[in-house]
Amino acid sequence: MHPHIILEGGMEYSLGNFDGKRVDYNFSKVLAYLDAKGRSMFGKNFEIHEEDKGTFFKLSNYFVRDLDGCRKLGMDPFKGILLSGPVGCGKTSMMKLIRHIVPHQRPYEIIPARNITFAFNHIGYKIIEDYGKGRFYCFDDLGVEPLGTYFGKDCNVLGEVLISRFELFQKTKICTHVTTNLNAEELEERYGKRVRSRMRQMFNLIAFENNTKDKRI
Ligand SMILES: Nc1ncnc2c1ncn2[C@@H]1O[C@H](COP(=O)(O)OP(=O)(O)O)[C@@H](O)[C@H]1O
Ligand SMILES: [Mg+2]
């Protein structure tokens, strides 16, 4: 088993040194792999932008479970990730890409927050229960989804789902990840104090630089 060797497009990428027990990841090698994998997933215009390297460094340390690195960067490796940044800066792409550096770990499913609301509108409260169960999720674009309604009753679906995920996190240590364009105040406005305080306990905040350019062409 060589968790640090990844095959991509006929090339073999080594992400660091493996002593038979643990991998000592080399960040410039991780970046070289992300660059190649990003191009194969998102097209030839994909590149690692200088201003995003700090964000990628944090995410890499977190996802390879570098406990020392996490501590130095102020992250708790046992919490999830809340990745924030302006529209088009590359949040969704990054969450799709970064999981490939750790093919030996159980992957998370990326689910658009609005899809969860739409499912709720059709199926009802069972959806909140289902997403509160023990799978790995990244809820994408939190805060852009509309309020849910089921049989005439309004429901802040993602707020309820996050509360279920918090309870799951407390019981089982299963993490949830999230991407969002909203800042802390906007999240609190959208989901209320109760959800916001739980979010603080269950997520590491990783933010793209505020001046990160929109990468949509
Ligand atoms: N590093 C990158 N280099 C070039 N294009 C990128 C990069 N990251 C994302 N993109 C492209 O930019 C667009 C927006 O990315 P996306 O991940 O959807 O942003 P966000 O989720 O932050 O709104 C997509 O078309 C994506 O393929
Ligand atoms: Mg997105």
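**Exercise 1. Partners across E6 and E7**

Which residue of E7 is the bridge partner of proline 112? Find how many bridges join E6 to E7, and in which sense the two strands run.

*Solution.* Start at proline 112: its bridge partner in E7 is aspartate 140. Keep in mind that you are looking at a predicted model. Next, count along the pair: E6 and E7 are joined by four bridges. Finally, check the directions: these two strands run parallel.

**Exercise 2. Building up the sheet**

Work out the order of the strands in the open sheet, then name its edge strands.

Step two: go on from E10 (residues 176–180) to E5 (residues 80–84), a parallel pair with three bridges. Here leucine 83 stands opposite threonine 179 of E10.

The open sheet has five strands, in the order E6-E7-E10-E5-E11, with parallel pairing. Strand E6 (109–112) and strand E11 (203–207) are the edge strands, as each pairs on one side only. From one strand to the next, the twist averages 20°.

**Exercise 3. A strand inside**

Why can E7 be called largely enclosed by the rest of the structure?

*Solution.* Look at how many of its residues are buried, which here means having 20 or more other C-beta atoms within 10 Å of their own. Five of the six residues of E7 pass, so the strand is largely enclosed by the rest of the structure.

**Exercise 4. The helix across the sheet**

Which strands does helix H4 lie across, and which of its residues are buried?

*Solution.* First, place the helix: H4 (residues 91–98) lies across E5, E6, strand E7 (137–142) and E10, and runs at about 150° to E10. Second, pick out its buried residues: Lys91, Met94, Leu97 and Ile98. Viewed down the axis of H4, these fall within an arc of 130°, so they line one face of the helix. Third, see what the buried residues pack against: helix H1 (27–42), helix H2 (53–63), E5 and E10.

**Exercise 5. Around the ligand**

How many residues surround ligand 1, and how do they divide by type?

*Solution.* Ligand 1 is surrounded by 15 residues, the closest being Gly90, Lys91, Thr92, Ser93 and Lys215. By type, the shell has four nonpolar, seven polar and four charged residues. H4 gives the most to this shell, with three residues.

Key. Residues numbered from 1 in each chain as written. Chains lettered and ligands numbered in written order. Predicted model: local features only at pLDDT ≥ 70, side-chain atom pairs only at ≥ 80, totals over all residues. Pairing = 2+ DSSP bridges. Axes fitted to C-alpha atoms, helices over the stretch in contact; angles between N-to-C directions. Contact = placed C-beta atoms within 7 Å. Buried ≥ 20, exposed ≤ 12 C-beta atoms within 10 Å, placed from the backbone. Near = placed C-beta within 6 Å. Nonpolar A, V, L, I, M, F, W, Y, C, P; charged D, E, K, R; others polar. Arc of directions from axis to C-beta.
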